[in-house]
Amino acid sequence: KFFDRFKALQGTWIGTSTKGWKEETTIRTIAQGSVVQFTSFDAHPNETMLTLVHMDSDRLLITHYCVAKNQPRLQLTSLEDEGKTGIFTFLDGTNLPSREKGHMDKVVYRFRDEDRFTSQWTWYQNGQERWMEEIVNERKR
């Protein structure tokens, strides 16, 4: 059911970070409804990132194609707030010779309503995790 929340996001979104920057994200469902694709632009100046969400049997996975030039995979590990909040934690990744190399390590998605959701990402490097920021996303009209 949590995957269905991602599918309902199809459209264009404006994200505002608690650090002050803005991005535009296009979300669409591809591959016969089996993958939700987030294409975000300008979270890092003039850069595009891609995040894919999909089921793998009974687990929900995210692969994030990052400007850090690596691709961490995160797995849904818990649901809170009556299924409106999902926490994804690091599973593995590519271009990560070890877990100690800097990468996105955790993300919390909170679905507020059909026109608003937030994501909060953590960065992990050299044995330390730190929250990056929260991004408030609102559907573009």
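Two strands count as paired if DSSP finds at least two bridges between them. Strands themselves (E, at least two residues) and helices (H or I, at least four) are DSSP runs, numbered from the N terminus.

The model is predicted: local features need pLDDT of at least 70, side-chain atom pairs count only at pLDDT 80 or more, and totals for chains, interfaces and linings use all residues. Residues are numbered from 1 along each chain as its sequence is written, and side-chain values use heavy atoms, with hydrogens and water left out.

**Whole chain**

Start with everything selected. The protein chain holds one helix and 10 strands, in the sequence order α-β-β-β-β-β-β-β-β-β-β. Its C-alpha trace spans about 40 × 35 × 30 Å along the principal axes. The radius of gyration, taken over C-alpha atoms, is compared with a globule rule of 2.2 Å times the number of residues to the power 0.38. For 141 residues a compact globule would come near 14 Å, and the protein chain, at 14 Å, agrees.

Next, show the surface. Accessible areas come from the Shrake-Rupley method with a 1.4 Å probe, and for residues only the protein chains shown count as cover. The protein chain has an accessible surface of about 7,800 Å², and carbon and sulfur atoms account for 46% of that. A residue is buried under 20% relative accessible area, exposed over 50%, and partly exposed in between. Of the 141 residues, 40% are buried.

A contact means heavy atoms within 4.5 Å. Among contacts between residues at least 6 apart in sequence, 34% join residues at least 24 apart.

**The barrel**

Colour the strands by number. They form a closed barrel of 10 strands in the order β1-β2-β3-β4-β5-β6-β7-β8-β9-β10, with antiparallel pairing. From one strand to the next the twist averages 25°; axes here are lines fitted to C-alpha atoms, for helices over the stretch in contact, and angles run from 0 to 180 degrees between N-to-C directions.

Select β2, residues 22–30, and pick out Glu-23. Is Glu-23 buried or exposed? Glu-23 is buried, because its relative accessible area is 9%.

Move to β3 (residues 35–41) and β4 (residues 48–56), which run antiparallel and are joined by seven bridges. Phe-41 stands opposite Thr-48 in β4. β4 and β5 make a hairpin with two residues between them, and Ser-57 in the turn has a positive phi of about 60°.

**The β6–β7 loop**

Select the loop between β6 (71–80) and β7, where Asp-81 sits; Glu-82 is in this loop too. Asp-81 has a positive phi of about 55° although it is not a glycine. Glu-82, also not a glycine, has a positive phi near 55°. Asp-81 is partly exposed, because its relative accessibility is 48%. Glu-82 counts as exposed, because its relative accessible area is 77%.

Follow on to β7 (residues 85–94), which pairs with β8 (residues 103–113) in the antiparallel sense over five bridges. Thr-85 has Arg-110 in β8 as its bridge partner.

**Aromatic rings**

Show the side chains of Phe, Tyr and Trp. Rings (for Trp, the six-membered one) pair if their centres lie within 6.5 Å; planes under 30 degrees apart count as stacked, over 60 as edge-to-face and the rest as tilted. By this rule there are 15 aromatic pairs.

Select Phe-2 and Phe-88, a tilted pair with centres 6.4 Å apart and 40° between the planes. The pair links distant parts of the chain: Phe-2 lies in helix α1 (residues 2–7) and Phe-88 in β7, 86 residues apart. Phe-2 is buried, with a relative accessible area of 6%. Phe-88 is buried as well, at 0% relative accessibility.

Now take Phe-6 and Phe-111, an edge-to-face pair at 5.2 Å centre to centre and 90° between the planes. Phe-6 belongs to helix α1 and Phe-111 to β8, 105 residues apart. Both residues are buried.

Which residues form one aromatic cluster? Select Phe-2, Phe-6, Trp-13, Phe-38, Phe-88, Tyr-109, Phe-111, Phe-117 and Trp-121 to display the cluster.

Note on methods
Buried means under 20% relative accessible area, exposed over 50%, partly exposed in between (1.4 Å probe, protein chains only).
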